[in-house]
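Q: Please take one part of this model and look at it closely. Then carry on into the surroundings in one connected account.

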Amino acid sequence: MGEEGIASDVKNTGGKTNPKLTLLPLIALIFYEVSGGPFGVEDSVSAGGGPLLSLLGFLIFPLLWSIPEALVTAELATSFPENGGYVIWISAAFGPFWGFQEGFWKWFSGVMDNALYPVLFLDYLKHSFPIFNGLAARIPALLGITFSLTYLNYRGLHIVGFSAVSLAVFSLCPFIVMSILSIPRIRPGQWLVVDFKKVNWRGYFNSMFWNLNYWDKASTLAGEVEDPSRTFPKALLGAVVLVVSSYIIPLLAGTGALRSASSEWKDGYFAEVGMLIGGFWLKWWIQAAAAMSNMGLFEAEMSSDAFQLLGMSEIGMLPAIFASRSKYGTPTISILCSATGVIFLSWMSFQEIVEFLNFLYSIGMLLEFAAFIKLRIKKPDLHRPYKVPLQTFGVIMLCLPPSLLLVLVMCLASIRTFLVSGVVIVLGFFLYPTVVHAKDKKWARFGTEQPAVPSDDILEAHPIMSQLHQEAADEASVSLIPNLSSTKAEQESELLLEEALKVE
């Protein structure tokens, strides 16, 4: 192991040493994939008609949604510890077509999510710097923020990991101070306030879902994590505790200490709460923390999106150019592709982006739960370094509540969201055969299509595990976008060779 939080790993490219993520940076990255702090949870109070539904939501939804998704992610990410994450899981269960669709939906929703953060960054700053209300200053600032954070991603995932740790500490400290200062003023009865006539159920469920999803995103970085079979479950557990605490404690402090109307709880209101509880100095600290938190959210999301494209390229689903790495070990083209998507989508409003990305994310998660169950039935002997301690019926019941929640979120979507998401889904259906055709015609160079398997040293120590993983990998790739005739011919020649050796 190298310095604190980093281990070194020798890559195949010229024996170059690239740092790997360890526990603390991975917890911080998952924290920023999912949360980034209580910024954005204010809408749950106004949409819920008061504090009660908001507080209950952040207590109940993690049990129904976050913990099941984290458990599924822990099992599958450790079973297939490679970049690409859920793309590989879906391919193993349902074949490369659906693996490609999963990758496209999740990447598109991730880029939409990332388009929020430069906008939110400026939204917090404009309270102290009104110049950012005008387009003349706002557009250059948005482009400058996007380019600067993209460059930080380019410089290395370990830098992003350590940046996430520092940003998390800085972002959460003002809320710890605010919570302590609020204790003498708290009136518990205010937590029970709710006006059901003012409840906006669509906004409420979208706010809850958006603030508690994306637990699976870090799986696309599994190939960059040191000892993922042990690190991932610990990191997910730590992140669940950190995320839920970062929501509940500030909400208890703010709603319990102040008699603000529920309609005042809008995006950015925690800065006003800080001023009313501690003074202007706390307001400015929270505004600065919010701006820094949006930077961390951007970095974590872009890392996952870029390494997902890299993973898809490594298994032959995308041209090899997406797997090309910089001298820092980062996927240059994949990062640029994600950054371009962020720039083009940043014109949309906050609520539009949240609803669109929630819809696409829900479809992808339903496919992940289905793959989780199918792999349990289809590959019961698959090596699982971490296994959810439930049998088949138990894992079905584990996935049922979050699946029902996903369906509910989709049913509450607007007609416009249905139409836009439908266009994205149809586009994905056409993209897959287009990529297959490009490969057949050799319009672009594709990778070696090697399936996801554990590292060589683990396979040598566990030959049975190697066989099981090879069986799962064969179905995961079947040369992922394959040339069926050549594959069949190779298999037949191998069988003939084995028979000849037996005769000898």
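A: The lining of the largest cavity has eight nonpolar, six polar and three charged residues. Here Ala, Val, Leu, Ile, Met, Phe, Trp, Tyr, Cys and Pro count as nonpolar, Asp, Glu, Lys and Arg as charged, and the others, Gly among them, as polar. The model is predicted: local features need pLDDT of at least 70, side-chain atom pairs count only at pLDDT 80 or more, and totals for chains, interfaces and linings use all residues. Residues are numbered from 1 along each chain as its sequence is written, and side-chain values use heavy atoms, with hydrogens and water left out.

A cavity is a set of points, on a 1 Å grid over the protein atoms alone, where a 1.4 Å probe fits but cannot get out; lining residues have an atom within 4 Å of a point. Points are joined across faces, edges and corners, and a volume is the space filled by probe spheres set on them. Two cavities reach 30 Å³ or more. The largest holds about 140 Å³ of space. It is lined by 17 residues, and Ser-35, Phe-39, Tyr-117, Trp-210 and Leu-297 are the closest to its centre. Helices H1 (23-34), H5, H8 (201-212) and H11 each give two or more residues to this lining. H5 gives the most, with four residues. Helices are DSSP runs of H or I, at least four residues long, numbered from the N terminus.

Lys-106 pairs with Glu-368, the closest N and O atoms being 2.4 Å apart. Lys-106 lies in H5 (residues 96-125) and Glu-368 in H13, so the pair ties together parts 262 residues apart in sequence. Both Lys-106 and Glu-368 are buried. A salt bridge needs a side-chain nitrogen of Lys or Arg within 4 Å of a carboxyl oxygen of Asp or Glu. Buried means under 20% relative accessible area, exposed over 50%, partly exposed in between (1.4 Å probe, protein chains only).

The side chains of Lys-283 and Glu-272 meet at 3.2 Å, N to O. Lys-283 is in H11 (residues 280-314) and Glu-272 in H10 (residues 269-278), eleven residues apart. Lys-283 is buried at 13%, while Glu-272 is partly exposed at 27%. Elsewhere, salt bridges with shared partners join Glu-102, Lys-106, Asp-216 and Glu-368 into one network.

The structure holds ten salt bridges. Another of them joins Glu-75 and Arg-384 at 3.0 Å, N to O. Glu-75 sits in H3 (residues 51-79) and Arg-384 in the loop between H13 and H14 (392-411), so this pair links parts 309 residues apart in sequence. Glu-75 is buried at 1%, and Arg-384 is buried at 10%.

Now the nonpolar core: a set of buried Ala, Val, Leu, Ile, Met, Phe, Trp, Tyr and Cys residues joined through side-chain atoms within 4.5 Å. The largest has 142 residues, of which Ile-30, Trp-65, Met-178, Trp-215 and Phe-270 touch the most other members. H13 (residues 350-378) supplies its largest share, 15 residues.

Take Phe-270. Not counting residues up to four places away in sequence, its contacts (heavy atoms within 4.5 Å) include Met-178, Trp-265 and Leu-251. Leu-251 belongs to H9 (residues 228-257) and is buried at 0%. The C-alpha atoms of Leu-251 and Phe-270 are 9.1 Å apart.

Terms used: On a 1 Å grid over the protein atoms alone, a cavity is a set of points where a 1.4 Å probe fits but cannot get out, and a pocket is an open set with protein on both sides within 12 Å along at least five of seven lines; lining residues have an atom within 4 Å of a point.
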